[in-house]
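Subject: Structure for you to look at

Hello,

Here is the structure I said I would pass on. My notes on it follow below.

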Amino acid sequence: MRLYNVYFSAKGTTRLCADCIAEGLNLEKKDYDWLTASEPEKIAVSSEDALLFSMPVYGGYIPKLCAERAAALHGDHTPAIIAAVYGNRHYDNALLQMKDLLESQGFHVIAAGAFLAEHSIFPAVAEGRPDEKDLAVMREFAGKCEKLLKEKDLWMEKEIALSGNPDYDASVFKGVPFHPEGDKNCTGCGKCVQVCPVKAIARENPQKTDAARCISCGACIKVCPEKARDYRGEAYLTARKGFEEKCAAYRKPETFYIK
Ligand SMILES: Cc1cc2nc3c(=O)[nH]c(=O)nc-3n(C[C@H](O)[C@H](O)[C@H](O)COP(=O)(O)O)c2cc1C
Ligand code: SF4
Ligand code: SF4
């Protein structure tokens with residue numbers, strides 16, 4: 001059995017969670033990084049293999065470009081494990097959406113987890129997460145998934161129950177009004193231009209951002225060697241303060257298994 005490890009991770013925490021779970025599954029794996037993939041490569045996964053699908057939560061759903069890209073995944077009663085990684089507000093309907101997307105493509109979701117990570121727009125929220133406790137939960141999750149993958153007869157005819165509103169509408173999330181910009185430290189190296197998944201930064205003026213295209217993922221902030229790109233402005237600072245107060249409580253990961 002091989003593991004198809006599909007993830008989108010602009011600031012690296014979703015990747016960290018995916019790697020931790022994948023390691024615990026003890027399977028030969030192939031990675032599919034949807035941040036850097038330019039064209040949606042068709043990924044066919046047989047019933048003898050397994051899919052690990054890890055996504056960050058944006059506005060209670062997975063990023064729109066990933067929901068669209070899910071059409072490139074093809075299963076054949078293939079077991080799938082899903083992980084939604086969120087920044088301490090809530091994951092809302094992300095797990096349900098992931099399950100629906102994958103099951104319409106021929107996968108069978110057998111386990112799901114909602115895991116915590118530093119908020120990519122407001123990094124003081126859940127700062128430093130996933131922490132050691134989170135990683136321990138992910139390792140335990142992976143161990144249980146490893147067993148489930150070997151017990152096909154137990155879940156073949158069953159459906160996993162997940163938290164969320166089954167009448168969700170993923171189109172309600174229209175993005176956030178904050179977009180990183182570069183400052184005077186920009187040397188014009190072009191790394192942010194290259195990494196941006198939606199081509200919102202022009203090569204000739206990398207300090208600016210096309211707000212209509214930008215999905216606020218933060219990949220450009222992470223990749224900039226000069227720390228020149230960041231969120232700025234009064235509206236952002238005010239929102240950040242409110243968000244830090246509202247989302248200060250320590251939330252715990254949640255896991256779900258088919259039974
Ligand atoms: C546009 C956007 C919307 C977000 N919406 C939510 C949300 O609804 N709930 C939440 O808890 N975190 C939210 N976050 C935070 C991310 O889910 C979280 O930081 C995640 O760890 C990012 O993954 P990455 O490090 O792989 O990029 C949002 C982040 C972005 C960029
Ligand atoms: S990565 Fe940073 S230094 Fe390089 S072009 Fe972008 S903003 Fe400028
Ligand atoms: S410009 Fe926007 S979409 Fe592009 S990498 Fe930066 S935050 Fe992400």
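A residue counts as buried if 20 or more other C-beta atoms lie within 10 Å of its own, as exposed if 12 or fewer do, and as partly exposed in between, with C-beta atoms placed from the backbone. This is a predicted model, in which local features need pLDDT of at least 70 and side-chain atom pairs count only at pLDDT 80 or more, while totals for chains, interfaces and linings use all residues. Residues are numbered from 1 along each chain as its sequence is written, and chains are lettered from A and ligands numbered from 1 in the order in which they are written.

Strand β6. Helices (H or I, at least four residues) and strands (E, at least two) are DSSP runs, numbered from the N terminus. Nine of the nine residues of β6 are buried, so β6 is largely enclosed by the rest of the structure. On one side the buried residues are T78, A80, I82, A84 and Y86, and on the other P79, I81, A83 and V85. Strands are taken as paired if DSSP finds at least two bridges between them. β4 (residues 50-56) runs parallel to β6 and is joined to it by six bridges; L51 stands opposite A80. β7 (residues 107-116) is also parallel to β6, with nine bridges, and F107 is the bridge partner of T78.

Domains. The assignment, which is automatic or from a database, gives domain 1 (2-169 + 250-257) and domain 2 (181-230). Their C-alpha centres lie 27 Å apart. Eight residues of domain 1 are in contact (C-beta atoms, placed from the backbone, within 7 Å) with eight of domain 2.

Ligands. A shell residue has its C-beta atom, placed from the backbone, within 6 Å of the ligand. Ligand 1 is surrounded by 26 residues, the closest being K11, T14, P56, G87 and A117. Both α1 (13-25) and β6 (78-86) supply at least two residues of this shell, and domain 1 and domain 2 each give at least three. Around ligand 2 there are 14 residues, with C186, C189, C192, P206 and C224 the closest. Ligand 3 has 16, of which C196, A200, C214, C217 and C220 are the closest.

Regards

Conventions: Contact = placed C-beta atoms within 7 Å.
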